[in-house]
Amino acid sequence: MTQAVMELCDHVVCSTYARYPVVLEKGRGSRLWDTNGKEYIDFVAGIAVCNLGHCHPEVTEVICRQAETLVHVSNLFYTRPQVELADALRRHSFADRVFFANSGAEANEAAIKLARKYSRDKYGPGRFHVITMEDSFHGRTLATLSATAQEKVHKGFEPLVEGFHFVPYNDIEAVRRAMTPQVCAVLVEPIQGEGGVRIGNSEYFRELRALCTERDVLLIFDEVQVGMGRTGTLFAYEQFLVSPDVMTLAKALGNGLPIGAMLATEQAAQAFTPGSHASTFGGTPLVTAAAGKVLEIIAQEPFLAAVREKGQYFLEKLRELQARHSEKVMDVRGRGLMLGMELAGPGKPLVEKCLSRGFLINCTHETVLRFVPPLVIEKEEIDRLVDVLDTVLKEWTP
């Protein structure tokens, strides 16, 4: 059956992914099983999506109950789960209002449109440029891939949407130089995930906040990957002691159900009026009911404290590996349970060796192993991965 599924997929599904030769069939917590019954420990979590693990019983119960009650009605009408989720997000963040979409790309698209509209309403046409950071990743729609400063993402889709300017990450002077009178927003990730798990520093974000305020330019934080407890606080921006004007969420917000959200201050959000933006499936009763339960669980301080503790434990274990393989491991970095190990060569062979031993990890930026397990991962499971990494690093030649 496994081979038949893979062969059929190769014939009928657009080949936009280089898939690994595994057909996953069921999951529970941080474990997954394939169609042959082989068990895997998951350090990918659907790329930071399943923060509560697979098939979390409380979330599953909410999904089933809501599916029997009301699934979709259109945003022409009010629904209680959507309103309650927006209110909960507002109470847990800097924001006053929320726009719901289906994905991170759509949330970022909404943020870019909001910034342009906010600036045009206030200052007139011509102020539509957005500064983003080198090695960033903001999505695959035409506008968000244009905002993404990675050539491999642009290739074949030119001409790109105009008005995006790329500057080095963590370099406030580069932002100052790019801050022309035509700029309406700065779009930045608190930690670059696809860019190789790179962390911005607090001083950089404080100066960025001050610069954007001074120029009345919207500061947009892309927390699609780093939000929802991934770094040990509910939102990563909390750790830098600055608040953005706009923040985007997706991935873990629905713990596997498709949902994106753009959160904004009252002042910025006023640019969106009836008819200026929309999403047919954004914020359905089904996904917002599920996301409400996800938020309720993740926002609890004991849960977040456990993420910080396990993240520190994992980081120390990886640093021990770095010390043992210093000629092959160049750096270890990250926050909470979003960690990266930079290698002296391409990491894909290591990913494949871990897969064969029953561990799912992935590689980003070609040379960085990225670890984003479900936040319910156990220390014993971390130990088992570290043992396997130790073995495969011994066998590996960069």
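This report describes helix packing, nonpolar cores, selected residues and backbone features in one predicted model.

## Basis of the description

The model is predicted, with local features requiring pLDDT of at least 70 and side-chain atom pairs counted only at pLDDT 80 or more, while totals for chains, interfaces and linings use all residues. Residues are numbered from 1 along each chain as its sequence is written, and side-chain values use heavy atoms, with hydrogens and water left out.

Helices (H or I, at least four residues) and strands (E, at least two) are DSSP runs numbered from the N terminus.

## Helix 11 and its partners

Helix 3 (residues 57-67) packs with helix 11 (residues 285-298) at an angle of about 155°, their axes lying 9 Å apart. Axes here are lines fitted to C-alpha atoms, for helices over the stretch in contact, and angles run from 0 to 180 degrees between N-to-C directions. Helix 3 and helix 11 are therefore roughly antiparallel to each other; angles over 145 degrees count as roughly antiparallel, under 35 as roughly parallel, 65 to 115 as roughly perpendicular, and the rest as oblique. Helix 3 passes helix 11 in a right-handed crossing. A crossing is right-handed if the near helix is turned clockwise from the far one by less than a right angle, and left-handed if anticlockwise. In helix 3, Glu 58, Val 59, Val 62, Ile 63, Gln 66 and Ala 67 meet residues of helix 11 that include Pro 285, Ala 289 and Ile 297, where contact means heavy atoms within 4.5 Å. The residues of this contact comprise 10 nonpolar, one polar and two charged. Ala, Val, Leu, Ile, Met, Phe, Trp, Tyr, Cys and Pro count as nonpolar, Asp, Glu, Lys and Arg as charged, and the others, Gly among them, as polar.

Helix 4 also packs with helix 11: their axes come within 8 Å and cross at roughly 35°, in a left-handed crossing. Pro 81, Gln 82, Leu 85, Ala 88 and Leu 89 of helix 4 meet Pro 285, Thr 288, Ala 289, Ala 291, Gly 292 and Leu 295 of helix 11. By class, the contact of helix 4 with helix 11 has eight nonpolar, three polar and no charged residues. Gln 82 belongs to helix 4 (residues 80-91) and is buried, with a relative accessible area of 19%. Buried means under 20% relative accessible area, exposed over 50%, and partly exposed in between (1.4 Å probe, protein chains only). Leaving aside neighbours within four places in sequence, Gln 82 is in contact with Asn 75, Phe 100, Gly 282, Gly 283 and Thr 288.

## Helices 13 and 14

The axes of helix 13 and helix 14 (residues 379-395) come within 10 Å and cross at roughly 130°. The two helices are therefore oblique to each other, and their crossing is right-handed. Leu 350, Lys 353 and Cys 354 of helix 13 make the contact with Val 388, Leu 389, Val 392, Leu 393 and Glu 395 of helix 14. These residues divide into six nonpolar, no polar and two charged.

Pro 349 is found in helix 13 (residues 348-356) and counts as partly exposed at 34% relative accessibility.

## Nonpolar cores

A nonpolar core is a set of buried Ala, Val, Leu, Ile, Met, Phe, Trp, Tyr and Cys residues joined through side-chain atoms within 4.5 Å. The largest such core has 81 residues, and those with the most contacts inside it are Val 175, Val 186, Phe 314, Phe 371 and Leu 389. Another core, of 23 residues, lies apart from it and includes Phe 99, Ala 111, Tyr 118 and Ile 220.

Leu 339, in strand 14 (residues 338-343), is buried with a relative accessible area of 1%.

## Backbone features

Most residues other than glycine have a negative phi, and most peptide bonds are trans. The peptide bond from Glu 158 to Pro 159 is cis, with omega near 0°. Pro 159 lies in the loop between helix 7 (151-154) and strand 6 (164-167).

Asn 170 has a positive phi of about 70° and is found in the loop between strand 6 and helix 8 (172-178). Asn 255, with a positive phi of about 50°, is placed in the loop between strand 11 (246-249) and strand 12 (260-264). Asn 170 is partly exposed at 29% relative accessibility, whereas Asn 255 is buried at 10%.
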